[in-house]
Amino acid sequence: MKIAIVGTGYVGLVSGTCFAEWGNRVVCVDKDVGKIAQLRQGKMPIYEPGLEKLVVRNQAAGRLSFTTSLAEAMRGVDIVFIAVGTPPRPGHGDADLSFIYTAAKEIAYSLEGNAVVAVKSTVPVGTGDAVKKIIATVRPNGSFSVASNPEFLREGSAIDDFLFPDRVVIGVEDENARKAMLALYRPLAEANTPVVVGQRRSAELIKYASNAFLATKITFINELADLCEHVGTDVGELALGMGLDHRIGKAFLNAGPGYGGSCFPKDTLALLRTAQDHGVALRIVEETVAANEARKRKMALKVLDAVGGDVDGLTISVLGLTFKPDTDDMRDAPSVPLIETLQRFGAKIRAHDPVGMENAARVVENVALFNDPYECARDADAVVIVTEWESIRQLDLHRLKQVMRSANLIDLRNAFGRGVAQAAGFQVSSIGQPVPH
Ligand code: NAD
C-alpha cells in the first residue's frame with residue numbers, strides 16, 4: 001500500500017518505519033526542516049533503540065522516504081496517518097488540537113480518490129468527526145473516509161511494541177476505511193494479534209481509558225509503597241505477590257517517584273476534561289492525577305529527610321533525568337519538579353543522564369550537567385536516583401561513595417538493593433521499604 005504519515009515524531013517515525021518494514025511504500029512528512037534533513041541522511045532525530053537500523057534498511061530498499069512536502073507525500077496515497085502532537089493546552093488541561101486541525105486542512109487540499117485519513121495521535125472522543133468536517137469543507141464532494149487508529153507503543157521499546165503489539169485498535173464508520181485498515185494490519189492479524197474494530201469514537205476513548213487505567217495502577221502501587229514504609233513491609237514483595245495474580249498482572253506495579261512522560265500526565269487531564277464537558281465525574285482518575293502531582297513534589301521532601309531536614313547550600317547529584325530509561329524524552333519528567341523544588345530550598349544541583357542531557361538542558365536551569373556519573377557525584381552531599389537506566393544500575397557504589405562528601409543515597413526507583421547499598425557504606429532512602437530506626 002502507499003502510506004503517508006503526517007508528523008514524524010516518536011509515533012510517526014516509528015509507525016512509518018514499521019509499515020515500510022511490512023513492505024508498504026511510506027512517505028513521512030514533517031514541517032521541521034532540520035528533522036527531515038537529518039532523516040534523509042540516515043540520522044535519527046530521537047533516541048529509540050533499534051530505530052536507526054530499521055530506518056536505514058527501509059530507506060535503502062526504497063520503501064521509506066522523508067519530505068517536508070505534504071502534497072508530494074499524498075500522491076496516490078491509500079492511507080494518510082495524522083501523527084502530530086496533541087499537547088495539553090497551557091492552563092486548561094484539555095488537548096490542544098490545533099496541530100490536528102491544521103494537518104487535516106492541509107491533507108484536504110491534496111486528497112485523492114478514496115483515501116483514508118487515519119488519526120494515530122491521541123485525540124478526545126469526537127475529534128474524528130471534527131476532522132471529517134474540516135476535510136469536507138474543503139472537499140464537499142470528496143469520497144474520503146476518516147478512521148481512528150490510536151497508538152499504544154512505549155518509548156524505549158517502540159519498535160517491538162509496534163511490531164508485536166498486544167492488540168490493534170481501529171475505529172471506522174464505513175466499509176472503505178475498514179477494508180483499507182484491515183489490509184494494512186494484515187501482517188499482524190496473520191500473526192494472531194487481536195485486531196479490535198469498532199466505532200471511531202470507541203477507538204478514540206479506548207486510548208484514553210487505557211492510559212488512565214495504567215496511570216491509576218502506578219498511582220495505586222505508589223500509595224501502597226508509602227504504607228509499606230510505615231508498616232515495615234517491602235513494596236517489591238507486595239507487588240510480586242499481587243502481580244502474579246493474572247487478574248492483576250505484574251506490569252506497572254513498580255513503585256517510584258510518580259508517573260511522567262509525554263502521555264500519562266496529559267492524557268489523564270484530557271480525559272477528565274472530556275468527562276467534565278459531559279457532566280460525568282471520573283473520581284478515580286481525578287484522584288490519580290492529584291495524588292501523582294503531590295507525589296512528584298513530595299520526592300523533594302524525601303531528599304530533605306535523608307540529609308537531615310535541610311538542603312540549603314548542599315550539593316545534590318541527580319542521576320537519570322529522562323522520564324524513563326531508554327528514551328531521550330524529558331516531557332513531564334519527574335526529575336524536573338524534583339530539581340526545581342530542591343533548588344528552591346537552596347540546593348546546588350549536579351546531574352547526569354546517559355542520553356537525555358541535551359533535552360534536559362532546555363527544561364532545567366542552573367544545573368551542572370556531567371557525562372560521567374562519578375564526576376556528577378563528586379563532593380555531593382547526596383545522590384538521587386531518578387531514572388533507572390541500566391548504566392546507572394551498574395554503577396560501582398564503592399567508587400561512587402569515594403567521590404562524595406556524604407554517603408547519602410536516595411533511590412527513587414529501588415535500582416539498588418538496600419542491603420547492597422548499605423554494605424557499600426551508604427545511608428539509603430528508598431521507595432516502599434521499611435524505614436530503619
Ligand atoms: P512529537 O512531538 O514527537 O512529534 C510530532 C511531530 O509532528 C513533530 O515532529 C512536528 O514537527 C510534527 N508536525 C506538527 N504539525 C505538523 C504538520 N501540520 N505537518 C507535518 N508535521 C507536523 O509527538 P509524538 O510523541 O510522536 O506524539 C504524537 C501523538 O501520538 C500524540 O497525540 C501523542 O499523545 C500520541 N502518542 C505518543 C506516544 C509516545 O510514546 N510518544 C505513544 C502513543 C501515542
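How many residues surround the ligand, and which are the closest?

**View 1. The shell around the ligand.** Here 27 residues surround the ligand, and the closest are Gly7, Gly9, Val11, Ser121 and Thr122. To be near a molecule, a residue needs its C-beta atom, placed from the backbone, within 6 Å of it. By type, the shell divides into 10 nonpolar, 10 polar and 7 charged residues. Nonpolar means Ala, Val, Leu, Ile, Met, Phe, Trp, Tyr, Cys or Pro, charged means Asp, Glu, Lys or Arg, and the others, Gly among them, are polar. The largest share, 4 residues, comes from α5. Helices are DSSP runs (H or I, at least four residues), numbered from the N terminus.

This is a predicted model, where local features need pLDDT of at least 70 and side-chain atom pairs count only at pLDDT 80 or more, while totals for chains, interfaces and linings use all residues. Residues are numbered from 1 along each chain as its sequence is written.

**View 2. Where α12 meets α13.** Look for Thr268, Leu269, Leu271 and Leu272 in α12, which meet Val285, Glu286, Thr288 and Val289 in α13. Contact here means C-beta atoms, placed from the backbone, within 7 Å. These contact residues split into 5 nonpolar, 2 polar and 1 charged.

**View 3. Two residues in one loop.** Leucine 253 is found in the loop between α11 (235–243) and α12, and asparagine 254 has its place in the loop between α11 and α12. Leucine 253 counts as buried because it has 21 C-beta neighbours inside 10 Å, whereas asparagine 254, with 19 other C-beta atoms within 10 Å, is partly exposed. The cut-offs are 20 or more other C-beta atoms within 10 Å for buried, 12 or fewer for exposed, and in between for partly exposed, with C-beta atoms placed from the backbone.

Notes:
Two residues are in contact if their C-beta atoms, placed from the backbone, lie within 7 Å.
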